[in-house]
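Reader: Got a model to go through with you. Can we take it piece by piece?

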Amino acid sequence: MTPTTSSPPPAPAASADPPGLAALLAALRFDAAGLVPAIAQDAASGDVLMLAWMSRTAIAETLATGQVCYFSRSRNQLWRKGETSGQIQRLVELRLDCDGDALLLLVAQTGVACHTGRRSCFFRAVRDGVFQEIATPLVTPETLYGR
């Protein structure tokens, strides 16, 4: 009788998708371009930092890495927040609104969120009937981007 050797059964293939991704994508309502608006809010202060857009790929990368990735409509490509400026956003929590057509990203912001050098992109307001700037730059765009 010849002994037989058998290999152990192959391990199940590891899923490359981050936990929760499939359920989130199924609940989301993307626009005709395959994008959904995403509001970034500072998890510690509650300040609204910016509004950007996310694709399925950007959402998957954000959940997989913990570093926020958006989709740039003007460049038609993924935009890893802070890739050139160093002003990154780390995801603390991702929330979906009641209609499934907008995301709220609670983030830990490194540095400023706005390309103008301000903490928030929402630095203009109407106060007492006057449209005005309510925040000054904390850093110059030249310093952020080396231009």
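Author: One term to begin with. Buried means under 20% relative accessible area, exposed means over 50%, and partly exposed is in between, using a 1.4 Å probe and protein chains only. N76 is exposed, with a relative accessible area of 60%.

Reader: Where does N76 sit?
Author: In the loop between β3 and β4. Helices (H or I, at least four residues) and strands (E, at least two) are DSSP runs, numbered from the N terminus. Phi of N76 is positive, near 55°, and N76 is not a glycine.

Reader: Back up. What kind of model is this?
Author: A predicted model: local features need pLDDT of at least 70, side-chain atom pairs count only at pLDDT 80 or more, and totals for chains, interfaces and linings use all residues. Residues are numbered from 1 along each chain as its sequence is written, and side-chain values use heavy atoms, leaving out hydrogens and water.

Reader: What's the average pLDDT?
Author: The protein chain averages 90, and 88% of the residues score at least 70. pLDDT is the predictor's confidence in each residue, from 0 to 100. Over residues 2–15 the pLDDT is below 50. Beyond near neighbours in sequence, that stretch has zero contacts in the model. Contact means heavy atoms within 4.5 Å.

Reader: How many helices and strands?
Author: Three helices and eight strands. Along the sequence the pattern is α-β-β-α-β-β-β-β-β-β-α.

Reader: What share is buried?
Author: 36% of the 147 residues in the protein chain. As for contacts with a separation of 6 or more, 42% come from residues 24 or more positions apart.

Reader: How does the lining split by residue type?
Author: Twelve nonpolar, seven polar and five charged. Nonpolar covers Ala, Val, Leu, Ile, Met, Phe, Trp, Tyr, Cys and Pro; charged covers Asp, Glu, Lys and Arg; the others, Gly among them, are polar.

Reader: R118 next. Buried or exposed?
Author: R118 counts as buried because its relative accessible area is 8%. Its place is the loop between β6 (103–109) and β7.

Reader: Which side chain does R118 pair with?
Author: E133, through a polar contact of 3.0 Å. That term means a pair of N or O atoms within 3.5 Å; within protein, one must be able to donate a hydrogen and the other to accept it, and residues adjacent in sequence count only if both atoms are side-chain atoms. Leaving aside neighbours within four places in sequence, R118 also contacts others, including V112, F123 and L138.

Reader: F122, in that β6–β7 loop too. What does F122 contact?
Author: V48, L49, M50, L51 and I134, leaving aside neighbours within four places in sequence. F122 is partly exposed, at 47%. Its C-alpha is 9.1 Å from that of L51, 71 residues apart along the chain.

Reader: And S85, where is that?
Author: In the loop between β4 and β5 (89–96). S85 counts as buried, at 15% relative accessibility. A polar atom of its side chain lies 3.2 Å from the backbone nitrogen of Q87. Outside four places in sequence, S85 contacts L144 and Y145.

Reader: Last one. Which residues of α2 are buried?
Author: In α2 (residues 56–65), A58, I59, A60, E61 and T62 are buried. E61 touches G66, Q67, C69, L78 and R80, not counting residues up to four places away in sequence. G66 follows α2 and has a positive phi, near 85°.
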